[in-house]
Amino acid sequence: MRLFVGIFLSKEIIDYLYEVQNNLKKNLNGKINWIAKSKLHFTLKFLGEVKENRLNEIKERLNKIKFKSFKVKLDKIGVFPNEDHARVIWTGLSPKEKAIELQKQVDSELLDIFSKDQEFNVHITLARVKLIKDKEEFNKNLKIDIEEKELEINEFCLVRSILTKDGSKYEILEKFKLI
């Protein structure tokens, strides 16, 4: 089964990010696959394919994490890997420190089962870019202001991502409350 550890967003944040996506859609040229409203989330760690017999061990380890809930705000729009070769459109979260600390704890608990992530970036993916018609125009139209909407992080989830012909479907296997 294909798994990741992630944080789901409040309805208010999802609705707002959906508006942001719609505003960007009007002005961005190219072939862009927008993340469905129901799939907007913040990934702490992608685990990949995992044998079902490892599931209980993963849940037990994630249950050991004792972390205080915290607040972040939506930040700016950006792209990965860079403006010359945009492949992912995202919005950042700030301040980043608590999210990075939580991710490090998740990483630490699962380190001997899953390799450490090379680089962790605090972000919510909005779209995947397949083709850009005019790079200069694309980058200019990408620069929009984001409201600094606040999001309270009080849990994270172990999620199964089921690949179907209609795209991936998410199934929350377990929620882990922050203190």
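Tutor: A charge sits over a ring if NZ of Lys or CZ of Arg is within 6 Å of the ring centre and within 35 degrees of the ring normal. Please note that this model is predicted.

Student: Which residue lies over the face of Tyr18?

Tutor: Lys37 does, at 4.8 Å from the ring centre of Tyr18. In a second case, Lys149 is placed over the face of Tyr16, at 5.3 Å from the ring centre.

Student: How many aromatic pairs are there?

Tutor: Rings pair if their centres lie within 6.5 Å. The count by this rule is six aromatic pairs. One of these joins Phe67 and Phe70, with 5.9 Å centre to centre and 80 degrees between the planes, an edge-to-face arrangement. Phe67 and Phe70 are both buried. There is also an aromatic cluster formed by Phe4, Phe8 and Tyr170.

Student: Why does Ser168 count as buried?

Tutor: Buried means under 20% relative accessible area. Ser168 counts as buried because its relative accessibility is 18%. Ser168 belongs to strand S9, residues 167–177. Beyond its neighbours within four places in sequence, Ser168 is in contact with Lys39, Ser161, Ile162 and Leu163.

Student: Which residues of helix H3 are buried, and which are exposed on the other side?

Tutor: In H3, the buried residues are Ala99, Leu102, Gln103, Val106, Asp107 and Leu110. They cover an arc of only 140 degrees around the axis, so they lie on the same side of H3. Glu97, Lys104 and Ser108 are exposed on the other side.

Student: What do the buried residues of H3 pack against?

Tutor: Their partners include strand S1 (2–8), helix H2 (55–63) and strand S8 (155–164).

Notes
Residues are numbered from 1 along each chain as its sequence is written. This is a predicted model: local features need pLDDT of at least 70, side-chain atom pairs count only at pLDDT 80 or more; totals for chains, interfaces and linings use all residues. Side-chain values use heavy atoms; hydrogens and water are left out. Helices (H or I, at least four residues) and strands (E, at least two) are DSSP runs, numbered from the N terminus. Buried means under 20% relative accessible area, exposed over 50%, partly exposed in between (1.4 Å probe, protein chains only). Contact means heavy atoms within 4.5 Å. Rings of Phe, Tyr and Trp (its six-membered ring) pair if their centres lie within 6.5 Å; planes under 30 degrees apart count as stacked, over 60 as edge-to-face and the rest as tilted. The arc is that of the directions from the helix axis to the C-beta atoms.
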